[in-house]
Amino acid sequence: MKLSWYGTASVMLESDGYRLLFDPFLGIPIQDSLCRRKLRTVKLRTANAVLVTHGHFDHILDIPRLYKGSDIKVYATKTPCRTLISHGLPKKNLTLISPGVSFKLGNFTIHVYQGRHCRFDLGVMVKTIFKKETLLHTKRLYELIKLNRRFEENGETLFYEIEAEGKRIQLMGSMGTDIDTLYPTGADVLILPFQGTGDPSRTVRPIIEKLQPKSIFLDHYDDTFPPMSSQIGTEVFSYRQTQSGIPTMAMKFGKVYEI
């Protein structure tokens, strides 16, 4: 099985030539590399199916422009389905899913669980508002705030477990788990977003203890939509987790990992 990452939470799994893509997003930085954006677009359009973890703009904004006019199926809960339709994606491209369902796509078996979006703490909000980049780009900040209001999460964040080739991959769209949900433990890989709180290392500790993964791949740590976002350092956390017996690494853009 192959795993690759294309920024933010855009993760692709491939098995036997079939490609599952989660949360495709091209990014909206102030200054973007046209070459990098083109690479993202080309790779994201090779997917056979798209799965959504939740409805925030950095997880679904680009789905209509990427797949409108194609036959690709997008699997999502009620709120992101409604948002995508309002932004031009035809209903025929959408398949409604909810926690508790399981289904097969290609060589993959997907199990859907209730997740939870991370809670933005005071430290993150203060850091965002008063950092230099925000003060220089207040108009962009206002635009991103409006986008966030239009693209609601509505308590519908999902947690996926994907099985293929004798491996189990768990994928989270945000750094939180549902207190009332019993998750399988011991997955071969946990794909873990590493952004959203003032101290991600501390926030993810109970998640790792709960899920007990064999290895961890970090995503969503990049500076995708400044000034609201920023690059999160992952080296110290990855080193400490690896030393504790759980190999951990931050995924590199476009690199293909063999699972």
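**Entry: Glu153**

I started with Glu153, which is buried (under 20% relative accessible area, against over 50% for exposed and partly exposed in between, using a 1.4 Å probe and protein chains only) yet has no salt bridge. A salt bridge here takes a side-chain nitrogen of Lys or Arg within 4 Å of a carboxyl oxygen of Asp or Glu. The nearest side chain of opposite charge is Arg116, 8.9 Å away; for charge, Lys and Arg count as positive, Asp and Glu as negative, while His and the chain ends are not counted.

Before going on, I noted that this is a predicted model, where local features need pLDDT of at least 70, side-chain atom pairs count only at pLDDT 80 or more, and totals for chains, interfaces and linings use all residues. Residues are numbered from 1 along each chain as its sequence is written, and side-chain values use heavy atoms, with hydrogens and water left out.

I found Glu153 in the loop between helix H7 (138-150) and strand E9 (158-164). Helices (H or I, at least four residues) and strands (E, at least two) are DSSP runs, numbered from the N terminus.

What does the side chain of Glu153 reach at 3.0 Å? I got the backbone nitrogen of Glu156. I also noted a polar contact of 2.8 Å between the side chains of Glu153 and Thr157. That term means a pair of N or O atoms within 3.5 Å; within protein, one must be able to donate a hydrogen and the other to accept it, and residues adjacent in sequence count only if both atoms are side-chain atoms.

Setting aside neighbours within four places in sequence, I listed His54, Gly55, His56 and His117 in contact with Glu153 (heavy atoms within 4.5 Å).

**Entry: salt bridges**

How many salt bridges does a search of the whole structure find? I got four.

Among them, Arg65 pairs with Asp62, closest N and O atoms 3.0 Å apart. Arg65 is partly exposed at 49% relative accessibility, whereas Asp62 is buried at 1%.

Arg168 and Glu161 form another, with the closest N and O atoms 3.0 Å apart. I found both of these residues buried.

Lys214 bridges to Asp188 at 3.6 Å between the closest N and O atoms. This pair links distant parts of the chain, 26 residues apart: Lys214 is in the loop between helix H8 (200-211) and strand E12 (216-219), Asp188 in the loop between strand E10 (167-172) and strand E11 (189-193). I have Lys214 as exposed, at 52%, and Asp188 as buried, at 18%.
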